[in-house]
Amino acid sequence: MDIKTVGIVGAGQMGNGIAHVFALSGYEVKLSDISQEALDRGIATIRKNLDRQVSREKISAEARDDTLARISTTLTLSDIGPSDLIIEAASERETIKVAIFEDLLPHLKPETILTSNTSSISITRLASRTDRPERFMGLHFMNPVPVMKLVELIRGIATDDATYQTLLALVGTLGKTAASAEDFPAFIVNRILLPMINEAVYTLYEGVGNVRSIDTALKLGAAHPMGPLELADFIGLDTCLAIMNVLYDGLADTKYRPCPLLTKYVEAGWLGRKSGRGFYDYRGETPVPTR
């Protein structure tokens, strides 16, 4: 299938990043969210990131302006139904994702491909709630989308080969690299990454080290560009907890049990950078560890 128009559900951190890379690659993008404030923030973020690319001479000012011109926004979910490809990039909660797909179904073209940017939830299960499981896949971009080169492609049990080949080729047009993953909880990246983060939280919880020492140890001792607790704050502690719960429930193995301290931070509303506090406090000029 020749994809020219892309509908994206969710203008948050992932959705606006996905819109950015598609529009920059020449696709017409329609970005949808439930509030005008979220859409305005999403477009402002895209503009800021494009300006940064211009200042670093990665793209021209003309390319920036053309990219912004290719992105339109809507508060009405049905407006994105006629798109060739739809990417759901809403919160990592299955009930929300299912409701979005069910609301979209009456407005889709017969050939429209549906995808989810989920980082952990079963593609087969999501696809089963639609009228086109053969044209449904996981299309998991990494954060921050304009920077990270990887896209995980996840086939559900019913995904046909034409859909897979279409999306495999599509990833290449974005200047990114695809890695194919089987439809198991959290796929490849988060199956490996999130248990490491969870173990870092256990290390903090048990008093083996404080926030600063744990992050310093992994940065200098394992050559990680960002410490695991700093990375958790960047991802969002609510997202980290949601993925760990998917792993724990889906694989029934106690090694995936979320650390109680991670749960406590989420219950407190300390979700990381996006809320101003997590394992670090971001409300001052420089981040300060909270433990």
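1. Aromatic pairs. In this predicted model, there are seven aromatic pairs. In one of them, the ring centres of Phe22 and Tyr27 are 5.4 Å apart and the ring planes meet at 70°, so this pair is edge-to-face. Planes over 60 degrees apart count as edge-to-face. Phe22 is buried, with a relative accessible area of 0%, and Tyr27 is buried as well, at 10%. Phe22 and Tyr27 form one aromatic cluster with Phe141.

2. A pair between a helix and a strand. Phe101 and Phe136 have ring centres 5.0 Å apart and planes at 65°, so they too are edge-to-face. Phe101 belongs to helix α4 (residues 94-104) and Phe136 to strand β6 (residues 136-141), so the pair ties together parts that are 35 residues apart in sequence. Both Phe101 and Phe136 are buried.

3. The sheet. Eight strands make up an open sheet with mixed pairing, in the order β3-β2-β1-β4-β5-β6-β7-β8. At its edges are β3 (71-74) and β8 (177-181), each of which pairs on one side only. On average, and ignoring direction, neighbouring strands of the sheet are turned by 25° against each other. Strands of a sheet pair through backbone hydrogen bonds, and the pairing is either parallel or antiparallel.

4. Strand β6 and its neighbours. Strand β5 (residues 113-116) and β6 run parallel and are joined by three bridges. On the β6 side, Gly138 is the bridge partner of Ser116, and Phe136 is the bridge partner of Leu114. By contrast, β6 and β7 run antiparallel, with five bridges between them. Here Met137 has Arg155 of β7 as its bridge partner.

5. Is β6 covered or open? β6 is mostly covered, and six of its six residues are buried. In a regular strand, side chains alternate between the two faces of the sheet. In β6, Phe136, Gly138 and His140 point one way, while Met137, Leu139 and Phe141 point the other way. Residues on both sides of β6 are buried.

6. Helices on the sheet. Helix α2 (residues 36-55) lies across β2 (28-32) and β3, and runs at about 165° to β3. Helix α6 (residues 161-173) also packs on the sheet, where it touches β4 (85-88), β5, β6, β7 (150-155) and β8. The direction of α6 makes about 175° with that of β7.

7. Two helices against each other. Helix α7 (residues 189-205) packs with helix α11 (residues 260-267) at an angle of about 90°, and their axes are 8 Å apart. At that angle, α7 is roughly perpendicular to α11. From α7, the contact uses Asn198, Val201, Tyr202, Leu204 and Tyr205, and from α11 it uses Pro260, Leu261 and Leu262. Of these contact residues, seven are nonpolar, one is polar and none is charged.

8. A residue in a loop. Asn117 is found in the loop between β5 and α5 (123-127). Is Asn117 buried or exposed? Asn117 has a relative accessible area of 7%, so it is buried, the cut-off for buried being under 20%. Which residues are in contact with Asn117, leaving aside its neighbours within four places in sequence? They are Met14, Ile18, Ile87, Glu88, Ala89, Leu139, His140 and Phe141. Among these contacts, Leu139, His140 and Phe141 are also residues of β6.

Definitions and conventions: Residues numbered from 1 in each chain as written. Predicted model: local features only at pLDDT ≥ 70, side-chain atom pairs only at ≥ 80, totals over all residues. Heavy atoms only, no water. Phe/Tyr/Trp six-rings, centres within 6.5 Å; stacked < 30°, edge-to-face > 60°. Buried < 20%, exposed > 50% of the residue type's maximum accessible area, 1.4 Å probe, protein only. Helix = DSSP H or I, 4+ residues; strand = E, 2+ residues; numbered from the N terminus. Pairing = 2+ DSSP bridges. Axes fitted to C-alpha atoms, helices over the stretch in contact; angles between N-to-C directions. Contact = heavy atoms within 4.5 Å. Parallel < 35°, antiparallel > 145°, perpendicular 65-115°, else oblique. Nonpolar A, V, L, I, M, F, W, Y, C, P; charged D, E, K, R; others polar.
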